[in-house]
Amino acid sequence: ANQLSVTSGNTIVGRPKRNIFLHLGLLSERVGFKIAETAFHGGPLGELVQWSDLIAALHVLGHVITVTHETQQLSGYFKKFKVSPCGVKDSKSSIFDVIFIDIVGLREFRKTVGAAFVQYRCHFRLLDSFGTEPEFNLKSYKRPGAKNWGKEWGNWDMNPKQFWTMFPHSPDNSFLGFIVEHKTTDWETVDKKNRILVYGKELDMWE
(Lines give C-alpha, C1' and ligand atoms only; values in the text may rest on other atoms or scores of the structure.)
Protein backbone atom coordinates (compact mmCIF):
# COMPACT_ATOMS: atom_id res chain seq x y z
CA ALA A 1 0.00 0.00 0.00
CA ASN A 2 1.11 3.57 -0.66
CA GLN A 3 2.53 5.23 2.42
CA LEU A 4 0.88 8.47 3.45
CA SER A 5 2.59 11.10 5.56
CA VAL A 6 1.98 14.67 6.67
CA THR A 7 4.60 17.19 5.61
CA SER A 8 5.87 20.09 7.68
CA GLY A 9 3.37 22.21 5.74
CA ASN A 10 0.53 20.14 7.21
CA THR A 11 -0.44 18.45 3.94
CA ILE A 12 -0.65 14.73 3.21
CA VAL A 13 1.75 13.37 0.60
CA GLY A 14 1.89 10.02 -1.16
CA ARG A 15 -1.66 10.10 -2.54
CA PRO A 16 -3.16 11.13 -5.93
CA LYS A 17 -3.79 14.85 -6.30
CA ARG A 18 -6.85 16.29 -7.94
CA ASN A 19 -7.32 19.76 -9.37
CA ILE A 20 -10.34 21.22 -7.62
CA PHE A 21 -12.18 24.46 -8.33
CA LEU A 22 -14.22 26.10 -5.56
CA HIS A 23 -16.59 29.01 -6.13
CA LEU A 24 -18.21 30.69 -3.12
CA GLY A 25 -21.16 32.35 -4.83
CA LEU A 26 -22.64 33.54 -1.53
CA LEU A 27 -19.75 36.04 -1.22
CA SER A 28 -20.27 37.58 -4.66
CA GLU A 29 -20.78 41.33 -4.63
CA ARG A 30 -23.31 40.96 -7.43
CA VAL A 31 -25.48 38.65 -5.30
CA GLY A 32 -25.55 41.21 -2.49
CA PHE A 33 -25.90 38.92 0.52
CA LYS A 34 -23.16 40.87 2.37
CA ILE A 35 -22.26 37.74 4.33
CA ALA A 36 -18.56 38.64 4.50
CA GLU A 37 -19.35 42.16 5.71
CA THR A 38 -21.63 40.95 8.52
CA ALA A 39 -19.61 37.88 9.55
CA PHE A 40 -18.15 39.65 12.59
CA HIS A 41 -21.27 41.60 13.41
CA GLY A 42 -23.85 38.93 14.14
CA GLY A 43 -24.37 37.79 10.55
CA PRO A 44 -24.91 34.16 9.43
CA LEU A 45 -21.80 31.99 9.68
CA GLY A 46 -22.99 28.45 8.94
CA GLU A 47 -22.15 28.44 5.25
CA LEU A 48 -18.76 30.07 5.89
CA VAL A 49 -17.94 27.37 8.45
CA GLN A 50 -18.72 24.63 5.94
CA TRP A 51 -16.73 26.27 3.16
CA SER A 52 -13.69 26.98 5.34
CA ASP A 53 -13.66 23.41 6.69
CA LEU A 54 -13.93 21.97 3.17
CA ILE A 55 -11.09 24.17 1.86
CA ALA A 56 -8.90 23.26 4.84
CA ALA A 57 -9.59 19.54 4.39
CA LEU A 58 -8.81 19.60 0.67
CA HIS A 59 -5.55 21.43 1.38
CA VAL A 60 -4.50 18.96 4.07
CA LEU A 61 -5.27 16.09 1.70
CA GLY A 62 -2.81 17.62 -0.76
CA HIS A 63 -5.14 18.56 -3.58
CA VAL A 64 -4.52 21.53 -5.87
CA ILE A 65 -7.28 24.05 -5.18
CA THR A 66 -8.46 27.23 -6.88
CA VAL A 67 -10.88 29.47 -4.96
CA THR A 68 -13.03 32.28 -6.41
CA HIS A 69 -16.06 34.23 -5.25
CA GLU A 70 -16.89 36.87 -7.86
CA THR A 71 -18.98 36.14 -10.95
CA GLN A 72 -16.51 37.78 -13.34
CA GLN A 73 -13.84 35.35 -12.17
CA LEU A 74 -15.89 32.49 -13.61
CA SER A 75 -15.57 33.96 -17.09
CA GLY A 76 -11.80 33.98 -16.77
CA TYR A 77 -11.65 30.29 -15.89
CA PHE A 78 -14.51 28.87 -17.91
CA LYS A 79 -14.65 30.96 -21.08
CA LYS A 80 -13.44 27.74 -22.71
CA PHE A 81 -13.93 24.21 -21.46
CA LYS A 82 -11.74 23.54 -18.45
CA VAL A 83 -13.18 20.14 -17.56
CA SER A 84 -13.74 16.94 -19.51
CA PRO A 85 -17.32 16.99 -20.88
CA CYS A 86 -19.60 14.64 -18.97
CA GLY A 87 -19.27 11.12 -20.36
CA VAL A 88 -15.69 11.71 -21.58
CA LYS A 89 -13.09 10.05 -19.34
CA ASP A 90 -10.19 12.28 -20.29
CA SER A 91 -9.67 15.52 -22.16
CA LYS A 92 -6.47 17.40 -22.88
CA SER A 93 -8.30 20.66 -22.19
CA SER A 94 -9.31 19.58 -18.69
CA ILE A 95 -7.59 21.36 -15.80
CA PHE A 96 -10.26 20.78 -13.12
CA ASP A 97 -11.52 17.42 -11.91
CA VAL A 98 -14.24 18.62 -9.55
CA ILE A 99 -16.15 21.90 -9.10
CA PHE A 100 -17.43 22.74 -5.61
CA ILE A 101 -20.07 25.46 -5.74
CA ASP A 102 -23.20 26.65 -3.95
CA ILE A 103 -26.62 27.16 -5.53
CA VAL A 104 -26.17 30.93 -5.75
CA GLY A 105 -22.90 30.40 -7.58
CA LEU A 106 -24.46 27.71 -9.76
CA ARG A 107 -27.00 30.20 -11.10
CA GLU A 108 -24.18 32.58 -11.99
CA PHE A 109 -22.18 29.72 -13.52
CA ARG A 110 -25.09 28.80 -15.79
CA LYS A 111 -25.38 32.41 -16.96
CA THR A 112 -21.63 32.49 -17.63
CA VAL A 113 -21.29 29.36 -19.76
CA GLY A 114 -24.74 29.34 -21.35
CA ALA A 115 -25.65 26.24 -23.35
CA ALA A 116 -22.36 24.57 -22.37
CA PHE A 117 -23.69 24.24 -18.81
CA VAL A 118 -24.85 20.68 -19.46
CA GLN A 119 -21.25 19.61 -20.10
CA TYR A 120 -20.29 20.57 -16.55
CA ARG A 121 -23.19 19.01 -14.65
CA CYS A 122 -21.45 15.81 -13.57
CA HIS A 123 -18.46 17.75 -12.17
CA PHE A 124 -20.49 19.82 -9.70
CA ARG A 125 -20.61 19.19 -5.96
CA LEU A 126 -23.06 21.62 -4.38
CA LEU A 127 -22.60 22.83 -0.84
CA ASP A 128 -26.21 22.99 0.28
CA SER A 129 -26.48 23.40 4.07
CA PHE A 130 -29.97 21.98 4.49
CA GLY A 131 -30.07 19.84 1.36
CA THR A 132 -32.42 19.61 -1.61
CA GLU A 133 -34.73 16.62 -1.79
CA PRO A 134 -35.45 14.94 -5.15
CA GLU A 135 -38.99 16.32 -5.38
CA PHE A 136 -37.59 19.85 -5.61
CA ASN A 137 -34.68 18.90 -7.87
CA LEU A 138 -35.53 16.11 -10.33
CA LYS A 139 -37.87 16.78 -13.22
CA SER A 140 -39.23 13.25 -12.91
CA TYR A 141 -40.83 14.34 -9.60
CA LYS A 142 -42.58 17.37 -11.06
CA ARG A 143 -46.34 17.11 -10.85
CA PRO A 144 -48.44 18.23 -13.85
CA GLY A 145 -49.59 21.80 -13.38
CA ALA A 146 -47.26 22.50 -10.47
CA LYS A 147 -46.57 26.23 -10.16
CA ASN A 148 -43.23 27.72 -9.11
CA TRP A 149 -41.81 24.22 -8.86
CA GLY A 150 -38.14 24.38 -7.87
CA LYS A 151 -38.15 28.13 -8.49
CA GLU A 152 -34.85 29.88 -7.77
CA TRP A 153 -33.30 27.24 -5.49
CA GLY A 154 -34.33 23.95 -7.12
CA ASN A 155 -35.08 22.40 -10.50
CA TRP A 156 -31.46 21.48 -11.28
CA ASP A 157 -32.24 17.90 -12.30
CA MET A 158 -28.95 16.63 -10.86
CA ASN A 159 -28.11 13.48 -8.97
CA PRO A 160 -29.29 14.14 -5.37
CA LYS A 161 -25.93 12.83 -4.13
CA GLN A 162 -24.27 15.88 -5.72
CA PHE A 163 -25.82 18.02 -2.96
CA TRP A 164 -23.49 18.01 0.07
CA THR A 165 -25.14 19.00 3.33
CA MET A 166 -23.96 20.42 6.62
CA PHE A 167 -26.26 18.14 8.62
CA PRO A 168 -27.63 14.70 7.62
CA HIS A 169 -31.11 16.01 6.83
CA SER A 170 -31.88 13.60 4.01
CA PRO A 171 -30.43 10.22 2.96
CA ASP A 172 -30.93 11.36 -0.64
CA ASN A 173 -28.11 13.91 -0.34
CA SER A 174 -24.47 13.46 0.67
CA PHE A 175 -23.52 14.35 4.24
CA LEU A 176 -20.35 16.46 4.32
CA GLY A 177 -20.59 17.85 7.84
CA PHE A 178 -18.10 20.20 9.45
CA ILE A 179 -15.13 20.07 11.80
CA VAL A 180 -15.95 19.66 15.49
CA GLU A 181 -13.23 20.68 17.92
CA HIS A 182 -12.32 18.03 20.47
CA LYS A 183 -12.78 19.35 23.99
CA THR A 184 -10.67 18.06 26.85
CA THR A 185 -13.15 19.26 29.46
CA ASP A 186 -14.37 16.65 31.90
CA TRP A 187 -18.09 16.93 31.17
CA GLU A 188 -18.89 15.03 34.36
CA THR A 189 -17.91 18.10 36.35
CA VAL A 190 -19.76 20.65 34.23
CA ASP A 191 -22.72 22.30 35.92
CA LYS A 192 -25.54 21.63 33.46
CA LYS A 193 -28.62 23.82 33.14
CA ASN A 194 -31.71 23.27 31.04
CA ARG A 195 -31.62 25.87 28.29
CA ILE A 196 -33.23 26.23 24.87
CA LEU A 197 -31.72 28.03 21.89
CA VAL A 198 -34.01 29.18 19.09
CA TYR A 199 -32.03 30.38 16.08
CA GLY A 200 -32.98 32.53 13.10
CA LYS A 201 -30.47 33.46 10.43
CA GLU A 202 -31.95 36.88 9.67
CA LEU A 203 -34.06 39.37 11.65
CA ASP A 204 -36.95 39.17 9.20
CA MET A 205 -37.42 35.49 10.05
CA TRP A 206 -38.92 36.60 13.35
CA GLU A 207 -41.30 39.16 11.86
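I began with helix α4, where E108 and K111 both lie, three residues apart, about one turn of the helix; helices here are DSSP runs of H or I with at least four residues, strands are runs of E with at least two, and both are numbered from the N terminus. The model is a predicted one, in which local features need pLDDT of at least 70 and side-chain atom pairs count only at pLDDT 80 or more, while totals for chains, interfaces and linings use all residues. Residues are numbered from 1 along each chain as its sequence is written, and side-chain values use heavy atoms, with hydrogens and water left out.

**Salt bridges**

I searched the whole structure for salt bridges and noted two, a salt bridge being a side-chain nitrogen of Lys or Arg within 4 Å of a carboxyl oxygen of Asp or Glu. E108 forms one with K111, the closest N and O atoms being 3.7 Å apart. The side chains of R30 and E108 meet in a salt bridge at 3.3 Å, N to O. Because R30 lies in the loop between β3 and α1 (35-38) and E108 in helix α4, this pair ties together parts that are 78 residues apart in sequence.

I then looked up accessibility (buried is under 20% relative accessible area, exposed over 50%, partly exposed in between, with a 1.4 Å probe and protein chains only). E108 is buried at 9%, whereas R30 is exposed at 58% and K111 is exposed at 64%. Salt bridges that share partners join R30, E108 and K111 into one network.

**The sheet**

I traced an open sheet of six strands in the order β4-β3-β5-β6-β7-β8, with parallel pairing; two strands pair if DSSP finds at least two bridges between them. β4 (64-68) and β8 stand at the edges with a single partner strand each, so one side of each is left without a neighbour in the sheet. β7 (residues 163-165) pairs with β8 in the parallel sense over two bridges, and I found F175 in β8 as the bridge partner of T165. Helix α4 (residues 103-113) packs on the sheet and touches β3, β5, β6 (124-127) and β7, contact meaning heavy atoms within 4.5 Å.

How values were computed
Axes are lines fitted to C-alpha atoms, for helices over the stretch in contact, and angles run from 0 to 180 degrees between N-to-C directions.
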